[in-house]
Amino acid sequence: MHKALLALFVLVTLATPAAQDGPADLIFHNAKIYTSDEAMPRAEAVAVRGDRIAAVGSSADILKLKGSATKVVDARGAAILPGLHDAHGHFMGLGASLQVLRLRGTASWEQIVGMVRRRAASARPGEWIQGRSWDQNDWPVKEFPTHEMLTNAAPNNPVYLTRVDGHAAMVNKAALDAAGLTKDTKDPEGGRIIRDPQGNPTGVLVDQAMRLVSRNIPSVSQAQLEEQILLADAEARKLGLTMVHDAGANTEVVEAYKRLIDSGKLQTRLYVMLRGPMAMLQPHFDNGPITNYGNHHLAVRAVKISADGALGSRGAALLEPYSDEPGNSGLLVNPPEEVYAQTLAASKAGFQMCVHAIGDRANRMVMDTFERVQKEVPGSRNLRMRNEHSQILDAADIPRFAKLNVIASMQATHATSDLPWAPARLGDARVEEGGYVWQKLLKSGAIIANGSDFPVEEPNPMLGLYASITRQDPSGKPPNGWQPDQRLSREETLRSFTLHAAFAAHAEKDLGSLTPGKLADLVVLSKDVMAVAPKEILSTTVTTTVIGGKVVYEAKSGS
Ligand SMILES: [Zn+2]
């Protein structure tokens, strides 16, 4: 084509976006649209054709794409964002958490005992009672409890209650007995059985010791599994999460996802990190990565393993001992050789490696492993290896993210949940240097993918937006934010929950921004989170969620 003609053609295309392809199926107009696309960050209207975005622009221009069958929605000035991503959540865990006792925010141990007593009253003898997300830091007595009250509350039912970080469990006598745990039981590698002065288990189990009891819990049936998945799916759509990076699924769960996608029931897009022993991973490696299943509803091209535990239970592996427990510097929950072996095998098979690292020792080990494997497997740098959490970093490791093309997969609400006690665990100097250092990472050139780690934290992305922007807890503490120089701007926050999360999933060509040609995933909000006072973000709700051009959630009017 002649150059001048070509230029004219481009101009016309821009002025009447994609009009030559026929009318749109769906139009939102009269909106405040934040696109996450730097080429056109703001717009008033968006047109969808099929499952893709046809055009983004002014209301007047976009309404030109209206045909007789077009569904037209007047947003009446509401804010529209690209569909939000959670780059690190536990999808099954979310579903399961909607089925078990929810202990988050309980005011005392006695309150939990009461909840268990009421559940036990209606449970069959021997039936397991499960709960999650207790945190002794929320109680007047901030020590780990012992099992006696729990044992009295449910004498005939084993009870298994996990801590908010998932790295400790509180159990009763029936559960200890079911596992055969006594004073003679040795601590397993990478775990700890908390004991009284006589050496008897108190009921608190840390990290790998949790398995001693949890392995006795009957596994869920296929029907229960699918119910959990669909509970999580409904919750995600309601919260405006159009894509979730599932941080640890086994083959059985992947097969369930496929079945539910095939039958059209599961609508949230899932980016799966496989988690399991090499024997489970190997068939996936042999078959190669699945980059697009069910029209971009599922990708299976990543592997997750944990390097260490969590900070709250002092299981995070630190270079120097805990400031509030000299002599303890945390635990590596998997030997470095295993992390290396999985990273090597995954990289050779073209899978992205995602390693959980909280403490600075674990983070150092992970970056060393990534560096070593990148030298050994040509091209593996392009797999965008991921450091899940990247919480406590030694200063020397911060520039290694950009250098090694490693994604910092972080969860803003972890910082604001941990801020009451993290300085006690770490001391001010370590927190200042490398604790939740979002801006230091961005300035070093790293990509941050944001998320929540649900159900460890609440899945509601509004809490993550608020925490990213303020570094305050929901009550507004501390007044200026915790290390306010590490806050993200609203634009940086939006990108971390959209385009950069999509990048972390190798999906930025199809997802992550409202750009013509990309899949039409978007959310309409009750308030403009990019403009309102930060506190208002907390009460912002999703009024409509669209995935692939289809409305998958609509708030009932008035709610
Ligand atoms: Zn996690």
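This report describes local features of a predicted model, from its zinc site to its backbone exceptions.

## Zinc site

Three protein residues donate to the zinc ion: His 88 through NE2, His 90 through NE2 and Asp 453 through OD, at 2.1 to 2.2 Å from the metal. Along the chain these donors are spaced as H-x1-H-x362-D. His 90 belongs to the loop between β8 (84–89) and α3 (91–97), while Asp 453 belongs to the loop between β22 (448–451) and α18 (461–470), so the pair ties together parts of the chain that are 363 residues apart in sequence.

## Strand β4 and its partners

Strand β4 covers residues 45–49, and four of its five residues are buried, so the strand is largely enclosed by the rest of the structure. It pairs with strand β1 (residues 26–29) in the antiparallel sense, over three bridges. Within this pairing, Phe 28 stands opposite Val 46 of β4.

Strand β5 (residues 52–57) is also an antiparallel partner of β4, here over five bridges. Ala 47 stands opposite Ala 55 of β5. The hairpin formed by β4 and β5 has two residues between the strands, and Gly 50 in this hairpin adopts a positive phi near 60 degrees.

## Aromatic pairs

The model contains six aromatic pairs. One of them joins Trp 134 and Trp 139, whose ring centres are 5.8 Å apart with planes at 25 degrees; the pair is stacked because planes under 30 degrees apart count as such. Trp 134 is buried at 0% relative accessibility, and Trp 139 is buried at 2%.

Phe 285 and Phe 351 form an edge-to-face pair, with 5.2 Å between centres and 65 degrees between planes. Phe 285 lies in helix α10 (residues 278–287) and Phe 351 in the loop between α11 (336–348) and β19 (352–357), and the pair links distant parts of the chain, 66 residues apart. Phe 285 is buried with a relative accessible area of 7%, and Phe 351 is buried at 1%.

## Charges over rings

Arg 372 lies over the face of Tyr 340, at 3.5 Å from the ring centre. The charged end of Arg 471 sits over the ring of Trp 438, with 4.4 Å to the centre of that ring.

## Helix α12

Helix α12 comprises 17 residues (360–376). At 1.5 Å a residue it should span 24 Å, and this agrees with the 24 Å between its end C-alpha atoms. Its buried residues include Asp 360, Asn 363, Met 367, Phe 370, Glu 371 and Gln 374. Among the elements that cover the buried residues of α12 are α11, β19, β20 (386–389), α13 (400–403) and α16 (428–434).

## Surroundings of Thr 544

Thr 544 is located in strand β24 (residues 542–547) and is buried at 11% relative accessibility. Apart from neighbours within four places in sequence, Thr 544 is in contact with Leu 522, Val 523, Val 524, Val 551, Tyr 553 and Glu 554.

## Backbone exceptions

Tyr 436 has a positive phi of about 55 degrees and lies in the loop between α16 and α17 (438–443). Tyr 436 is buried, with a relative accessible area of 2%.

Key
Residues are numbered from 1 along each chain as its sequence is written. This is a predicted model: local features need pLDDT of at least 70, side-chain atom pairs count only at pLDDT 80 or more; totals for chains, interfaces and linings use all residues. Side-chain values use heavy atoms; hydrogens and water are left out. Donors are N, O and S atoms within 2.8 Å of the metal (3.2 Å for Na, K and Ca); water is not among the atoms, so sites may look incomplete. Buried means under 20% relative accessible area, exposed over 50%, partly exposed in between (1.4 Å probe, protein chains only). Two strands pair if DSSP finds at least two bridges between them. Rings of Phe, Tyr and Trp (its six-membered ring) pair if their centres lie within 6.5 Å; planes under 30 degrees apart count as stacked, over 60 as edge-to-face and the rest as tilted. A charge sits over a ring if NZ of Lys or CZ of Arg is within 6 Å of the ring centre and within 35 degrees of the ring normal. The expected span of a helix is 1.5 Å times one less than its number of residues. Contact means heavy atoms within 4.5 Å.
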